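User: I am new to this structure and would like to be taken through its strands and helices, one step at a time.

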Amino acid sequence: MSYDIAIQKAWADYANLSPDKIFKVKFLADEYTVDLESKRVISLSGNVVAKDFVAILILHYLIQKLKGLSVLTGVWLTFKELSGIEGYYSAFRKRSIEPIIRKYGSNPEGILSILDRLPAKRINQGDIGIVLEAFEGVPVLITFWRQDEEFGPEANMLFDKSITNIFCTEDIVVLAGMVASAL
């Protein structure tokens, strides 16, 4: 899939907002350099150019950060509760929820291992809950329920309501998939 139009627009939007040619952004467990002159987003942990879909996500975040991020609302929404997502839930579930269940379904406590390597903290939600800061000011709540006699293991990913002021629905699906992969 070609991301040419989206990435060109993101670079143009970024250039119009910032006189800075180089910006650093933390995303999950990595830090990225956003270089306007070379139009490259580079992972500092591996010194590699980010894939286009990652670069677009980082640029969209950075654009909103330069405009001023919305204040966190403290209101957690499921993906289904976000506006305009009718056709996206199956992609969201396949990319984010199902991988978490496959990985941690037989050992739910294993998800807590991410606390050592990602910007996350445990909270009292579900059987196991964690809040992960994907980007500064973009928390993601992951809840997990253990299997019992009636039901298999289940997970969900929730977002602060303010995310709708930062990312479009497609970006949220990509973000959720990257969060699930990082777990």
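Analyst: As a starting point, two strands are said to pair if DSSP finds at least two bridges between them. Please keep in mind throughout that this is a predicted model.

User: Which residue of E3 is the bridge partner of tyrosine 32?

Analyst: Strand E2 covers residues 30–35, and strand E3 covers 40–43. These two strands pair in the antiparallel sense over four bridges. Within that pairing, the partner of tyrosine 32 in E3 is serine 43.

User: In what order do the four strands lie in the open sheet, and which strands stand at the edges?

Analyst: The four strands form an open sheet with antiparallel pairing, in the order E1-E2-E3-E4. Strand E1 (22–27) and strand E4 (48–49) each have a single partner strand, so one side of each is left without a neighbour in the sheet. The strands at the edges are therefore E1 and E4.

User: Is E2 mostly covered or mostly exposed?

Analyst: Buried here means under 20% relative accessible area. Five of the six residues of E2 are buried, and the strand is accordingly described as mostly covered.

User: What is the relative direction of H1 and H2?

Analyst: Helix H1 (residues 4–17) and helix H2 (residues 52–67) pack with their axes 9 Å apart, at an angle of about 25°. Angles under 35 degrees count as roughly parallel. H1 and H2 are therefore roughly parallel to each other.

User: How many nonpolar residues does the contact of H1 with H2 have?

Analyst: The two helices cross in a left-handed sense, and residues in the contact include Ala6, Trp11 and Leu17 of H1 together with Ile56, Leu59 and Leu66 of H2. By class, the contact of H1 with H2 has one polar and three charged residues, while the number of nonpolar residues is twelve.

User: At roughly what angle do H3 and H4 cross?

Analyst: Helix H3 (residues 89–104) passes helix H4 (residues 169–182) in a left-handed crossing. Residues that meet there include Phe92 and Ile100 in H3, and Val173 and Ala180 in H4. The axes of H3 and H4 come within 8 Å, and the crossing angle is roughly 15°.

Key:
Residues are numbered from 1 along each chain as its sequence is written. This is a predicted model: local features need pLDDT of at least 70, side-chain atom pairs count only at pLDDT 80 or more; totals for chains, interfaces and linings use all residues. Side-chain values use heavy atoms; hydrogens and water are left out. Axes are lines fitted to C-alpha atoms, for helices over the stretch in contact, and angles run from 0 to 180 degrees between N-to-C directions. Angles under 35 degrees count as roughly parallel, over 145 as roughly antiparallel, 65 to 115 as roughly perpendicular and the rest as oblique. A crossing is left-handed if the near helix is turned anticlockwise from the far one by less than a right angle, and right-handed if clockwise. Contact means heavy atoms within 4.5 Å. Ala, Val, Leu, Ile, Met, Phe, Trp, Tyr, Cys and Pro count as nonpolar, Asp, Glu, Lys and Arg as charged, and the others, Gly among them, as polar. Buried means under 20% relative accessible area, exposed over 50%, partly exposed in between (1.4 Å probe, protein chains only).
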